[in-house]
There are 2 protein chains.
Amino acid sequence: MQSSPVLQNVNKHIQLTEDEVMYFLSLLHQQVVPKKHFLLKEGCACNQLYFVESGTLRAYYLDRNGKESTIMFAVNDWWITDMYCFINRLPAMLHIETLESASIQQLSRDGFDALCSRIPKFERFFRIIMQNAYTREQLRVIQNLSLSAEERYDQFVAKYPQIVQQVTQKQIASYLGITPEFLSSIRAARAKK
Amino acid sequence: MQSSPVLQNVNKHIQLTEDEVMYFLSLLHQQVVPKKHFLLKEGCACNQLYFVESGTLRAYYLDRNGKESTIMFAVNDWWITDMYCFINRLPAMLHIETLESASIQQLSRDGFDALCSRIPKFERFFRIIMQNAYTREQLRVIQNLSLSAEERYDQFVAKYPQIVQQVTQKQIASYLGITPEFLSSIRAARAKK
DNA sequence: CGTCTATTTGAATGTACTCAAAAGCGGTGG
DNA sequence: CCACCGCTTTTGAGTACATTCAAATAGACG
């Protein structure tokens, strides 16, 4: 039980008593999802927060023209959901799919609310999670604004080596905001050196 | 005292007792900053979180080539700092300047930490602030990836009408990730309709 | 009034996209 | 186990969007 990945994740930031651990675990629901399945689809109610124990997930936005924009990848030890819609009780804007078969712990919004209200330590935990998510997105905005496509690709590879192994170039391109063809040509140019 | 802007802001999310209010206010330091002054410069220690009572602020990143990228604007009722560096005790990456003379309440990181530890309600408050900041940045990433420059400009004007009044086109262009010349031509094309 | 910066305009350039076709790769069924 | 199918990746030609550079105009501020 102490070795459960989600408990280890929580333990990075807060220390729980045994009772609190039991309560927390009682709110979680484990799920194994095969490759190429959806945890969330645009327009559906987004009532779950997901913790990835293993496997690979991708959240993306699909615009009117059918273009996919990858918002985030999640591998083991990451939390993921369509946070804007989760918090504001709105229909999802994003799709979340498994790229590899995944083991997931899900926490409902009711569970999330209860956890925060009943155990202030979880308020702290999620404050830190949100803080990290915020600063990560802000760094991404800074890089989108100030770096060339090639530099953004380098940064991505340096920052997320594990993810690079598990997703296609097409998906990385849609995360960087460029076409797969252009990413291919960046890589080709680099290979010459 | 109950009408203090920063208390009203806090009151949107949590209810404080009188003692808690006193303690909170004791941690704040009010400051009036004239137009075109810096609250923070790149490389400096970022130990303060700022709440804007009035005036206009801008946070921007300055890259090697001297290009400015505006990360955020802040008008009354906004919190602002270089959050990544504030949290991680790193030298600032961003510059924060006043565009208009501003009245600021500043909270030190020690104050922030004390507040969160001693009053769990503040843990909740900042969890919500971080959550909103996260979802706002994520929405910005989605729009950067899926919309044209013209559409991003429209969204900006629709979302932040107050800010549009108070900042230059050059600054808006640097927020949208385009050159001032190109923003000018977008506006010229629009004016014809 | 004069200076400084922002904005506009236009021409030349470059970066990244679209479209199309070929090559590569992985999974599936015969 | 091999052959085929579908999708990804590569390559290249032509195009479009956005930038750079330069110069003129307009606005803001002392």
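Tutor: Start with a definition. A helix here is a DSSP run of H or I with at least four residues, and helices are numbered from the N terminus. Keep in mind that this is a predicted model.

Student: Then let me use it at once. Which element gives the largest share of the surface near DNA strand C?

Tutor: Helix 9 of chain B, with six residues. To read such a surface, list the residues that surround the strand, then sort them by element and by class. Here 15 residues lie around DNA strand C, and the nearest are A:Phe182, B:Thr168, B:Gln169, B:Lys170 and B:Ser184.

Student: How do I read the overall build of one chain? What is the secondary structure of chain A?

Tutor: Count elements, then look at overall dimensions. Chain A has nine helices and six strands. Its radius of gyration is 18 Å, close to the 16 Å that the globule rule gives for 193 residues, so chain A is as compact as a globular protein of that length. Along the principal axes, the C-alpha atoms of chain A fill a box of roughly 60 × 35 × 30 Å.

Student: And the inside? What percentage of chain A is buried?

Tutor: Buried residues are 35% of the 193 in chain A. Then look at sequence separation. Take the contacts in chain A with a separation of 6 or more: 70% of them join residues 24 or more positions apart.

Student: What domains is chain A divided into?

Tutor: Domain 1 (5–133) and domain 2 (147–193). Their C-alpha centres lie 26 Å apart in chain A. For the contact between them, domain 1 of chain A provides ten residues and domain 2 of chain A provides seven. On the domain 1 side, strand 3 (48–62), strand 4 and strand 6 (94–108) of chain A each give two or more residues. Strand 4 of chain A gives the most, four residues. That side of domain 1 of chain A has four nonpolar, three polar and three charged residues.

Student: On to the protein–protein interface. How many residues of chain A are in contact with chain B?

Tutor: 29 residues of chain A, against 29 residues of chain B. As before, ask which elements carry the surface. On the chain A side, strand 4 (68–74), helix 3 (83–88) and helix 5 (120–146) each give two or more residues. Helix 5 of chain A gives the most to that side, 19 residues. By class, the side of chain A that touches chain B has 15 nonpolar, seven polar and seven charged residues.

Student: How do I read the symmetry? What rotation superposes chain A on chain B?

Tutor: The rotation is 180 degrees, with 0.0 Å of shift along its axis and an RMSD of 0.0 Å. That is the relation of a two-fold axis. Both copies use the same surface, since 100% of the contact residues of chain A recur in chain B.

Student: Last topic, the backbone. What is phi of A:Lys36 near?

Tutor: First the general idea. Most residues other than glycine have a negative phi. Phi of A:Lys36 is near 60 degrees, a positive value in a residue other than glycine. A:Lys36 sits in the loop between strand 1 (28–33) and strand 2 (38–40) of chain A.

Student: Is A:Lys36 buried or exposed?

Tutor: Count C-beta neighbours. A:Lys36 has 10 inside 10 Å, so it counts as exposed.

Student: Where does B:Lys36 lie?

Tutor: In the loop between strand 1 (28–33) and strand 2 (38–40) of chain B. Phi of B:Lys36 is near 60 degrees, again a positive value. B:Lys36 has 10 C-beta neighbours inside 10 Å, so B:Lys36 counts as exposed.

Terms used. Residues numbered from 1 in each chain as written. Chains lettered and ligands numbered in written order. Predicted model: local features only at pLDDT ≥ 70, side-chain atom pairs only at ≥ 80, totals over all residues. Near = placed C-beta within 6 Å. Rg over C-alpha atoms; globule rule 2.2 N^0.38 Å. Buried ≥ 20, exposed ≤ 12 C-beta atoms within 10 Å, placed from the backbone. Contact = placed C-beta atoms within 7 Å. Nonpolar A, V, L, I, M, F, W, Y, C, P; charged D, E, K, R; others polar. Least-squares fit on C-alpha atoms with pLDDT ≥ 70 in both. Domains from an automatic or database assignment.
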